[in-house]
Amino acid sequence: EYRKALRETGVEISSFIVVYRWSGPTEEQRKMAVENWKRMIEIAVDMGVPVINTEFSGDPNQQEICNGMWYRSMEELLPIIEREGLRVEVQSHPYNFCELNNEACDLVRSPNLGYVYSSPHGFFYDEGKGDVRSMLKYAGDELTHVLFADTFNQTLDCRYIANPPWLNQRGKSDVTIHQHLAMGEGDVDFDGIFETLREMDFANRQLKADAPKVGGDNIACVSMFGFPEKMDKQASEARERIERELL
């Protein structure tokens, strides 16, 4: 049904997004996630979708266990991903076993893997610095997907007011909070993001690279939610800015 609709309308799907517990923290969760991944890969191939984007998942309080389980899952899945010619892009999401930009980039160094930079997660990526230029440059050739939305810096005093007050602990407690606001409504340095992406030739790099990642073009997309009543206006404005800045 979906394939027929896509053919009839000429619409293409740039990527699927799924989140499975492929890094555990229990082996039972990991095994079920791998089976779900195998089925998702079949669906992507069947639908002609060349990219699947996802998260590391896991538990930041059990980093060693989850890191090992993620590698175990990749040993099973990467040969299938390579065989099918897909690109699997991974983002480090708040409360994943890996929350940091540079470490996440180091985990996805493969022609069939990519790194998703999610701007509303950026203050988790470098523990509150918000140095978008440094993070994007470190990602380099691994960067294949950028999500655009704004957020507040969770490490700043009184930016979030929570009761009881010890829940927050300057953003380092066992709770993660962020937003996906319209660009300009939070603390993210979007001028720095766009300037750096232009310097990196992000919009064209996959087409020019000597050894490009599989899956076709790099992807830039709007990732705002929480205020659906504003989306008709804000989403179109965000897309127009992305096109103006990058194309």
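Between which helix and which strand does the loop that holds Ser110 lie? Ser110 is found in the loop that runs between α4 (101-107) and β4; helices (H or I, at least four residues) and strands (E, at least two) are DSSP runs, numbered from the N terminus.

This report describes a predicted model, in which local features need pLDDT of at least 70, side-chain atom pairs count only at pLDDT 80 or more, and totals for chains, interfaces and linings use all residues. Residues are numbered from 1 along each chain as its sequence is written, and side-chain values use heavy atoms, with hydrogens and water left out.

## The protein as a whole

The protein contains 9 helices and 6 strands. Its radius of gyration is 18 Å, close to the 18 Å that the globule rule gives for 247 residues, so the protein is as compact as a globular protein of that length. The radius of gyration is taken over C-alpha atoms, and the globule rule is 2.2 Å times the number of residues to the power 0.38. Along the principal axes, the C-alpha atoms fill a box of roughly 50 × 45 × 35 Å.

Of the 247 residues, 49% are buried. Here buried means under 20% relative accessible area, exposed means over 50%, and partly exposed lies in between (1.4 Å probe, protein chains only). The accessible surface of the protein comes to about 12800 Å², and 50% of this surface belongs to carbon and sulfur atoms. Such areas come from the Shrake-Rupley method with a 1.4 Å probe; for residues, only the protein chains shown count as cover. Among the contacts with a separation of 6 or more, 79% are between residues 24 or more positions apart, where contact means heavy atoms within 4.5 Å.

## The sheet

The strands form an open sheet of 6 strands in the order β1-β2-β3-β4-β5-β6, with parallel pairing. β1 (16-17) and β6 (219-222) stand at the edges with a single partner strand each, so one side of each is left without a neighbour in the sheet. Two strands pair if DSSP finds at least two bridges between them.

| Strand pair | Bridges | Example of partner residues |
|---|---|---|
| β1 and β2 | 2 bridges, parallel | Phe16 and Ile52 |
| β5 and β6 | 4 bridges, parallel | Leu147 and Cys221 |

Strand β2 is mostly covered, with 5 of its 5 residues buried. Val51, Asn53 and Glu55 point one way from β2, whereas Ile52 and Thr54 point the other way. Strand β5 is likewise mostly covered, as 6 of its 6 residues are buried.

## Helices α7 and α9

In helix α7 (residues 190-199), the buried residues are Phe190, Gly192, Ile193, Phe194, Thr196 and Leu197. Their cover includes β4 (113-118), α6 (132-139), β5 (143-148) and α9. At the start of α7, a side-chain oxygen of Asp189 comes to within 2.9 Å of the backbone nitrogen of Gly192. After the helix follows Asp201, which has a positive phi, near 55°.

Glu245 belongs to helix α9 (residues 231-246). When residues up to four places away in sequence are not counted, Glu245 touches Phe194 and Arg198. The side chains of Glu245 and Arg198 are joined by a polar contact of 2.6 Å. A polar contact is a pair of N or O atoms within 3.5 Å; within protein, one must be able to donate a hydrogen and the other to accept it, and residues adjacent in sequence count only if both atoms are side-chain atoms.

Is Ser110 buried or exposed? Ser110 has a relative accessible area of 10% and therefore counts as buried. Apart from neighbours within four places in sequence, Ser110 is in contact with Leu78, Glu142 and Lys213.

Gly85 lies in the loop between α3 (63-84) and β3. With a relative accessibility of 35%, Gly85 counts as partly exposed. Its contacts, leaving aside neighbours within four places in sequence, are with Asn112 and Val214. Gly85 and Asn112 are 27 residues apart along the chain, and their C-alpha atoms are separated by 7.5 Å.
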